[in-house]
Amino acid sequence: MRRLVRPLVLSVLAASCGAALAATPAASDQPQGKLPRWAMPESYQLAFKVDPKQQDFTGTTSIKLKLEQASDHIWMHGRELKVSKVTITDAKGKTHAGKYVEAAPKEGVVRIDLGGTMQPQELSVAIEYTAPLNQQLQGLYKVSHEGQPYAMTQMEPISARFAFPGFDEPSFKTTFDLKLTIPTDEVGIANTKQLKEEKAGAGWKTLTFATTQPLPTYLVAFGVGPWDVVNGPTIPASEYRKQATDLRGIAAKGEGHRMQHVLGETPSIIKALEDYYGFGYPFDKLDLLAAPDFSAGAMENPGLVTFRDWLLLLDKDSAAQYVRGSFNVTAHELAHQWTGDTVTMGWWDDLWLNEAFATWMQQKVTQKVHPEYRADLDRVRGAQGAMNGDSLVSTRKIRQPITGNGDIETAFDGITYQKGAAVLGMFEGYVTEPVFQKGMRGYIQEHKLGNATAEDLIDSIAKAADKGEDFKNAFKSFLNQPGVPYVQTKLAQEGGKTVLHLSQSRYLPLGSTGDANHLWGVPVCVRYATTDGSKVACELLDKAQGTMALPGATAQSWVMPNANGSGYYRFSMDKGDLAKLGKQIGKLADAEQLAYGDAVNAAFRRGDIDAGSALAALKPLTASKVREVSTAPMNTFGWIYDQVAVTDAQRAKLVAWAKSSYLPELQNLGYKRKDGEPDGDSLQRATLANFLGLDVKLPEVRAELLKQGDAVLKGKADGSLDFAAADSNLLGSALGVAVQEHGKSAVDALMAQLPKVSDPAQRNAILAGLAEADDATQAERVRDLSLDKSVKVGEMAALLRGNRDTQAGRDAVWKWSVTNYDKIVARTGSFAGGRLPGLMGGGGCSKAEADRLQEFFKTRAKDVTGAERGLAQNTEATLLCSALKAKQDPAAILR
Ligand SMILES: [Zn+2]
């Protein structure tokens, strides 16, 4: 069923008084937010003439639309399009000359004057135009690989308007017919299968692609260039899909052969998704494209999913993080083919219907296909990361009202993805997996190839679970208000029974100006000891206080207040209860150990416990054999190491803590990957070596990394760097230590090599190594490099993330950013706006740093889309850090 909000009342009005021209809306009806619904697109025909070697492209867009009220104009979107001709064809086939007026050029709102008032009817609007190939990775943009240019698209969220005029909002789902006229020696690809190829004059050919399923503009995709196209295994037909589906890999010339690994994984991902949703992959083919430069990680365009190249180009000895990252991101994007592409959010305030679901589903698929990847623990860690951001007063809600384009662009954050996924997982755990699945299947069936809202989703789940308003309100309490619930528990014996007293408020860290007085409908699930093993009890806590019966528990029982770590809440416990739980840590499930670690971190950030107590409480986790658990304390440790230690003795105590926690395991793993070792070992080696070598700076670890870094820098006979001389998992850390130890000579060598290296993993390692430059002169050179053409736009942030752990380093980053602000904005464009304040002032920990950030952006934030939210969040995080730092007694480290 296709759901669109049609203005029925308006149609009636138009019919009754449409003849009176006075009813014609004047141009003063310019939309401030969504476009009006009285002009509804029904289908598009898009034709582009693109040569990636040129600076501009030309296009013709014909839109069939239904005018549902009398009007002499319609409202649409378009940005930076030079329109030469507008032709309106009315229902009788008569043509009229129209006019294209840029009403709000910055927002991309345009008015098409129809050449006179038209009554409600079907119209066709044809617009001919020229536009630049975008240089900032938006719309139809240009990139190059080894000197050869390519053109490709990134439309989400609101960049389709750079590529073609249209109704650039997600609820306008229509079919698209696409023709590409391109140089004869190039390859064109699009969402659907190519139907034919025709000559189009000397040196040109025209490709015609099959009509798409109904899509919103943000999912239209195509690419032109000398691409390699390689076939993957066909995705066999299934119970839910009658025909086999063709699968291909697309990559820059010469790179196609490196896609076989990911193509080999893809059919099993599709199978897992079809089995879950009971709904077959609905598009006519599937291409995965490795983009030479890309603003996001990947984009779920139906039939033509695009990725940053390093996510798809893998070799036998690729680092484990790339192999895993490739699988996880592929699973995420393919999950979108159902949630996002088949069922699309109605408006950007429900972006979570796309992103939270893809994140949550990806974890499910990964758990099924690669259980050793421990996606269950990734989910918990992702949720905990989101809780840190969600503790800010300036955080977003999952369903944040959209008040402008900036809100659309900043909606792609940890709240939408990780908090959203965690909230889904929590309610899934509460109603049970099979019931939740039944609800999801109903939701997909009911809204397939159309749009949906949060209400639709919650109704489907509530129906499957046979739950009423309490459940729906509980679900909505997590979507429509910001923040993290803080659940406090205390065991008691009452009337011969063991009960758990619960209370809730909003979790707020020390120094927060927020109001703790918030209520959620929290599905609280606790694990507790009985004489008969541990049990789980659940209760929907939707008042400030509550009591939960724990059948079988005794006065001696321990309680873990977040069973399976699946609740999106933080907890604190009565002291005696905590002591009993503390003795159980090693016996709890891995996810519960992570929940315990979060409780310690939460208490520390509230100022309830000092640094020494926090490290003592976290220490048992470091003994875990599970990577995700043993490394969980690193963040809290890192903060204490950077912000609290003052004297040599305090620093030495911290170094000893880190060394005893992690060095034996690193030595046991060794510094080179062993043949056939589990990839978890490779990842652990990389994490431990980076932490001990670059954060804690243990000499013995640095010496090992330096050996490998030097071997790379020594180079091969032809003068190029010898990347194979280091373990691929340690490459970035090894180059980082080399840069710190050798300074200029190492920086020179890496900078000289960068323009000659096209392999994305090698490029990333060079960038990571350079970002570690800590000598003032060399660090400044590295920052300057980020503005150089040899660095891709999508690579800039990697170079600028260094030097955040000392005041002097942050001051230097700040000074450079202020000096080069205009150049940074010119290179990154508006989509990076929300990230700009963090790029410049991230990691700050004093009021002075918060003040200078505010002062600088006071007049500028409004000019860069999304910067206002980024500014508020970075300022608040800086002030909170400052407050927590002021509370610390460094002597506590030694106690
Ligand atoms: Zn996504």
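This is a predicted model: local features need pLDDT of at least 70, side-chain atom pairs count only at pLDDT 80 or more; totals for chains, interfaces and linings use all residues.
With 895 residues, a compact globule would come out near 29 Å in radius of gyration, and this protein has 28 Å, which agrees (taken over C-alpha atoms, with the globule rule being 2.2 Å times the number of residues to the power 0.38). Residues are numbered from 1 along each chain as its sequence is written, and side-chain values use heavy atoms, with hydrogens and water left out.

**Overall build**

- The C-alpha trace spans about 85 × 80 × 55 Å along its principal axes.
- There are 29 helices and 29 strands in the protein (DSSP runs numbered from the N terminus: H or I of at least four residues for helices, E of at least two for strands).
- Of the 895 residues, 61% count as buried (under 20% relative accessible area; over 50% is exposed and in between is partly exposed, using a 1.4 Å probe and protein chains only).
- Take contacts (heavy atoms within 4.5 Å) between residues at least 6 apart in sequence: 71% of them join residues at least 24 apart.

**Nonpolar cores**

- The largest nonpolar core has 169 residues, and F164 and W352 have the most contacts inside it (a core is a set of buried Ala, Val, Leu, Ile, Met, Phe, Trp, Tyr and Cys residues joined through side-chain atoms within 4.5 Å).
- Helix α5, residues 351-369, is the top contributor to this core, with nine residues.
- Leaving aside neighbours within four places in sequence, W352 is in contact with F357, I398, R399, T416, L424, A454, L457, F475 and L479.
- Another core lies apart from that one; it has 100 residues, including I585, V600, L731 and C881.

**Aromatic rings**

- The count comes to 38 aromatic pairs (rings of Phe, Tyr and Trp, the last by its six-membered ring, with centres within 6.5 Å; planes under 30 degrees apart are stacked, over 60 edge-to-face, the rest tilted).
- Y277 and W338 have ring centres 6.1 Å apart and planes at 15°, so they're stacked.
- Y277 sits in helix α3 (260-277) and W338 in the loop between α4 (320-335) and β21 (343-345), so this pair ties together parts 61 residues apart in sequence.
- Both partners are buried: Y277 has a relative accessible area of 2%, and W338 is at 0%.
- For Y662 and F691 the centres are 5.5 Å apart and the planes at 80°, so that pair is edge-to-face.
- Y662 belongs to helix α17 (648-669) and F691 to helix α18 (679-695), 29 residues apart; Y662 and F691 are buried.
- Ring pairs also link a cluster whose members include Y276, Y277, W338, W352 and W360.

**Charge over rings**

- The charged end of R860 sits over the ring of F856, 3.8 Å from its centre (the rule: NZ of Lys or CZ of Arg within 6 Å of the ring centre and within 35 degrees of the ring normal).
- R860 also lies over the face of Y821, at 5.8 Å from the ring centre.

**Zinc site**

- H332 (NE2), H336 (NE2) and E355 (OE) coordinate the zinc ion at 2.0 to 2.1 Å (donors are N, O and S atoms within 2.8 Å of the metal, or 3.2 Å for Na, K and Ca; water is not among the atoms, so sites may look incomplete).
- The donor residues are spaced H-x3-H-x18-E in sequence.
- H332 lies in helix α4 and E355 in helix α5, so the pair ties together parts 23 residues apart in sequence.
- H332 is buried at 9% relative accessibility, and E355 is buried at 2%.
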